[in-house]
Amino acid sequence: MSRRPFFLLALLLVPMTVPAQRLLHWNAPTAPARPMAEGSWLRLAPAGGGYVAWVDNPLPGPAQVRLRAGSAEGYESVPALPTAAVLSAGERRAVAHLYRVGGDAARLGLAVDAIPGDPRALPDGQVLRLPFDGAPIRVDQGYDGAFSHHDDANRYALDFALPEGTPILAAREGTVLQVEAGYREGGDDHALPANLVRILHRDGSMAVYAHLSADGLAVRPGQWVKAGERIALSGQTGYSTGPHLHFAVQVNAGMRLAAIPFRMAGPLGELHLPRTGPAPAAAP
């Protein structure tokens, strides 16, 4: 009696290296996907005794994807796996053809890794505006902070101490790429997820605003926002020992997110942000 192939389709978004900052790494819990299911990144379409692997980018901005095989017994892929591609906003693309070459015991397990942003982007160094008004500029953790700013995705991040409910403003105009909402817990637990907003700028860089209040999120994915426009309220969701705004500018550095140094100005001029070292000093 013949046996049908076994399929395991999974969406895996960046291997988690620092659990405390998992949302800031563009991670999401592993989510099984069904062949050709609406809303999934990976779709399989029968073709010529094998399959065509389609990858969808549901984001309102570019994403780099990598299709890989956890198990491909009895199948050959053209091109060979793993294979990567950069997809534009909303794009669907056939990235591989899988041909059946084995017998009844053929097994096929595929996974997609996805990183937001285009690795070919060139940040332009534009000076950002302070992402809040009417509150003192106090930085509790700065560049290379030993508590949680010591990995590539957060190395050049700032933690602004802010009272809960402070309006958070876009530091630069752009397209809202990601909104994480609905989380209400915060504390000294690495597993707690945080509310956040990610905004894609014209130069391909992305600003991350994290630990936001569950009740104050004011934007949606795909929305265009202007610099200074309210996007959320500050909070203490996720791994956080006190109310604050975690702010970072990230780029896609080739299937990984990397924070980059940035310039920022407040009401009294540009903030003094060191390239490396402890928390930066704010302008007086």
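Me: In which strand of the protein is confidence lowest, and in which is it highest?
Reply: The model is predicted. Confidence is lowest in strand β1 (residues 6–12), with a mean of 30, and highest in strand β18 (residues 224–225), at 98.

Me: What pLDDT does the protein average?
Reply: The average pLDDT is 78, and 73% of the residues score at least 70.

Me: Over which residues does pLDDT stay under 50?
Reply: One of these stretches is residues 1–39, where the model has 98 contacts beyond four places in sequence. Another is residues 275–284, with 26 contacts beyond four places in sequence.

Me: Changing topic: what is the strand order in the open sheet of 4 strands?
Reply: The order is β3-β4-β8-β6, and the pairing is antiparallel.

Me: Which strands are at the edges?
Reply: The edge strands are β3 (42–47) and β6 (75–78), each of which pairs on one side only.

Me: By how many degrees are neighbouring strands turned against each other?
Reply: On average, neighbouring strands of this sheet are turned by 30°, with direction ignored.

Me: How many bridges join β6 to β8?
Reply: Strand β6 is joined to β8 (residues 92–100) by 4 bridges, and the two strands run antiparallel. As an example, V78 has H97 in β8 as its bridge partner.

Me: Which residues form a nonpolar patch on the surface with V78?
Reply: Y99 and V101 form this patch with V78. Together the three residues have about 280 Å² of accessible area.

Me: And where is V101 found?
Reply: V101 lies in the loop between β8 and β9 (107–116).

Notes. Residues are numbered from 1 along each chain as its sequence is written. This is a predicted model: local features need pLDDT of at least 70, side-chain atom pairs count only at pLDDT 80 or more; totals for chains, interfaces and linings use all residues. Side-chain values use heavy atoms; hydrogens and water are left out. Two strands pair if DSSP finds at least two bridges between them. Axes are lines fitted to C-alpha atoms, for helices over the stretch in contact, and angles run from 0 to 180 degrees between N-to-C directions. pLDDT is the predictor's confidence in each residue, from 0 to 100. Contact means heavy atoms within 4.5 Å. Patches are made of residues with over 30% relative accessible area and no salt bridge: like charges are joined within 9 Å, nonpolar side chains (Val, Leu, Ile, Met, Phe, Trp, Tyr) within 5 Å. Accessible areas come from the Shrake-Rupley method with a 1.4 Å probe; for residues, only the protein chains shown count as cover. A salt bridge is a side-chain nitrogen of Lys or Arg within 4 Å of a carboxyl oxygen of Asp or Glu.
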